[in-house]
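I opened my notebook to jot down what I looked up in this model.

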Amino acid sequence: MHETILIVLIAGIGDLILATKGIRSIRRGYPEAEIHLLTSTDAAQLARHYPYVDRVWSFPIRELRSDKGHALEVLGLIRRLRRLRFRLVVNLYSVASAAGVLKMGLLFQSIRAEQKVGHDRYGFGLFLTRRISPDTFADRHFAEALTDAAIAAGGIPDDEGNDVFWDRAIEDRWSPLFRGGNGASGRPVVGIHPGSDQPLKRWAPERFGLVADGLAETEGARIVLLGGPSEAHLTGTIAQRMRHEAVNLAGKMSIDDLSYVISRLDLLVTNDSGPMHIGAAAGTPLVALFGPSMPEQFGPCAP
């Protein structure tokens, strides 16, 4: 019977992508294991396509913050995980507060596993059998720290970077968008992503509009506005203020659609966000705008 491993990464899409080298390292360290990943609902949509993960569990972390009614869903999830006996459970993510330790500690206490590995900070080591140094995530790039956490759990790293996967069945749906852009006309297709999960990370919409118009005028670029449903108002504002026509796709795509479209762009102009990390992992040229996060720690990583 194969041993079973649970990787805990309850974080967003960008963090999932930054963790892909670490997750891949665990697969290399345990090539015969059945690897489970517990991550956020948003990240789970992408994670299901990763070839080195066998099963993905969705933890409704953002939903729970806005509606405590999801607590019953979380309890049901923990019950299902508790029925399994893991050889190893590892929290790849950093521990950032005492409150976070309490919540993660309760989760780790509920999960049955022979070994429990994680970031030993704010007392989280009390719930662990193997502790990762408190300095692991200090003053270095987050992707490197996540990989080191995976190595501490028995992972074996390779020489490759982060990567991103999507449902290949959706690719034909978007071919007309690029047939006129990257095809015979030779016009570059430029994506503009003005959103972010934190308002402080967002550059002003009117400035994105000026950049988009400038690229349309100087490079003949075809402009595609990107974002989720909650960012449609931002892209709508930009489209209204632009002098040139733009294709507004905000709120009209799944995360698979978004990932594929980003991979086909000639350039992505974006705030610090999940789509920024998708673009970096896909090898798309990009311009990333930062504030207040530090690019030295959270900047895009080339594949």
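**Entry 1: the sheet**

I started with an open sheet of 5 strands, which has the order β9-β8-β7-β10-β11 and parallel pairing. Its edge strands are β9 (246-248) and β11 (286-289), and each pairs on one side only. Neighbouring strands here are turned by 15° against each other on average, direction ignored.

Some terms I had to note down. Strands (E, at least two residues) and helices (H or I, at least four residues) are DSSP runs, numbered from the N terminus. Two strands pair if DSSP finds at least two bridges between them. The angles, from 0 to 180 degrees, are taken between N-to-C directions of lines fitted to C-alpha atoms.

This is a predicted model: local features need pLDDT of at least 70, side-chain atom pairs count only at pLDDT 80 or more, and totals for chains, interfaces and linings use all residues. Residues are numbered from 1 along each chain as its sequence is written, and side-chain values use heavy atoms, with hydrogens and water left out.

**Entry 2: strand pairs**

I looked up β7 (residues 189-193) and found that 5 of its 5 residues are buried (under 20% relative accessible area; exposed is over 50%, partly exposed in between, with a 1.4 Å probe and protein chains only). V189, G191 and H193 point one way from β7, while V190 and I192 point the other way. β7 and β8 run parallel, joined by 4 bridges. Opposite I192 I found L225 in β8.

Next came β10 (residues 267-271), which pairs with β11 in the parallel sense over 4 bridges. T270 has A288 in β11 as its bridge partner.

**Entry 3: E231**

I found E231 in the loop between β8 (222-225) and α10 (232-241). Which side chain of opposite charge is nearest to E231? R202, at 5.0 Å, and buried E231 has no salt bridge (a side-chain nitrogen of Lys or Arg within 4 Å of a carboxyl oxygen of Asp or Glu). For charge, Lys and Arg count as positive and Asp and Glu as negative; His and the chain ends are not counted.

Setting aside neighbours within four places in sequence, E231 is in contact (heavy atoms within 4.5 Å) with H193, G195, S196 and A250. I also noted that the backbone nitrogen of S196 lies 3.4 Å from a polar atom of the E231 side chain.

**Entry 4: Q297**

Q297 lies in helix α13 (residues 295-298). Its relative accessible area is 22%, so I wrote down Q297 as partly exposed. Beyond its neighbours within four places in sequence, Q297 is in contact with F137, D139, R140, H141 and F142.

How values were computed: Polar contact = N/O pair within 3.5 Å; in protein donor to acceptor, adjacent residues only side chain to side chain.
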